[in-house]
Every structure is written in structure tokens, then in C-alpha cells.
Amino acid sequence: MSYYDKHVFICCNQRAEGEGCCADFGTPELLGYMKDRVKALGLAGEGQVRVNKAGCLGRCDDGPVMVVYPQETWYTFVDKDDIDEIVDSHLVNGQVVERLKI
């Protein structure tokens with residue numbers, strides 16, 4: 001059994017000037033937003049949900065990206081509305097957000 005029911009990794013990698021990366025899309029701020037939202041909903045902690053910052057996840061062309069384990073579901077997202085949809089649909093209700101799935 002996993003320590004967390006769902007473990008989210010959001011790429012916050014910053015590459016050298018001129019190279020595209022997830023951080024160029026504001027992922028550090030969106031990571032903070034998602035963490036705060038998960039905590040506000042009472043979903044954070046052992047046996048529940050953990051949201052972590054990640055370095056490069058190797059899918060730069062699909063960026064920005066996150067992955068949710070143990071389901072191994074990869075998402076792209078652009079704003080707080082997308083984060084809200086992933087939290088509400090996937091993390092709360094266990095339903096993959098097909099429109100954002102990679």
C-alpha cells in the first residue's frame with residue numbers, strides 16, 4: 001500500500017535562457033496554488049494527497065506537465081482553472097480529466 005493515496009509531481013524545472021521549460025509557464029506559482037487548495041480541502045497528509053515540486057520530468061514538449069501516482073496519469077495545464085479541475089475531478093472524485101490528459 002502506498003503512503004499516499006495520490007502523489008502529484010509538478011515540473012518546476014527552469015532551463016537556461018532561451019530553452020523552453022515548464023517554469024516558463026508559471027508552474028512554481030501553480031504548484032503553490034495546488035498545495036494550498038489540497039490543504040484547504042483537508043486532503044493533505046498520510047493516506048491522502050501529497051503535492052511535490054519536481055525537476056524535469058522529461059516531457060518538455062507537452063509542458064507544463066504534472067503526473068499523478070499511483071495512477072500514472074500525466075496532465076498538462078495552463079492556469080488555476082485547470083488545477084481546480086484536476087483537484088476536483090481526479091484528486092477528490094477519482095475521475096481522470098480527459099481534456100488535460102497527455
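Which residue forms a salt bridge with Glu85, and how far apart are the closest N and O atoms? I looked this up and found Arg99, with the closest N and O atoms 2.8 Å apart. I take a salt bridge to be a side-chain nitrogen of Lys or Arg within 4 Å of a carboxyl oxygen of Asp or Glu.

Basis. The model is predicted, so I note that local features need pLDDT of at least 70 and side-chain atom pairs pLDDT 80 or more, while totals for chains, interfaces and linings use all residues. Residues are numbered from 1 along each chain as its sequence is written, and side-chain values use heavy atoms, without hydrogens and water.

Glu85 and Arg99. Glu85 lies in helix H2 and Arg99 in the segment after H2, so this pair ties together parts 14 residues apart in sequence. Helices are DSSP runs (H or I, at least four residues), numbered from the N terminus. I checked accessibility next: Glu85 is partly exposed at 27%, and Arg99 is exposed at 54%. Buried means under 20% relative accessible area, exposed over 50%, and partly exposed in between (1.4 Å probe, protein chains only).

Arg37 and Asp88. I found these side chains in a salt bridge at 2.8 Å, N to O. Arg37 belongs to helix H1 (residues 27–40) and Asp88 to helix H2 (residues 80–92), so the pair ties together parts 51 residues apart in sequence. Asp88 is partly exposed, at 33%. A network of salt bridges links Arg37, Asp84 and Asp88.

Lys6 and Asp5. Their side chains meet in a salt bridge of 2.7 Å, N to O. Lys6 is buried at 9%, whereas Asp5 is partly exposed at 39%.

Total. My search of the whole structure gave six salt bridges.

Conventions
Helix = DSSP H or I, 4+ residues; strand = E, 2+ residues; numbered from the N terminus.
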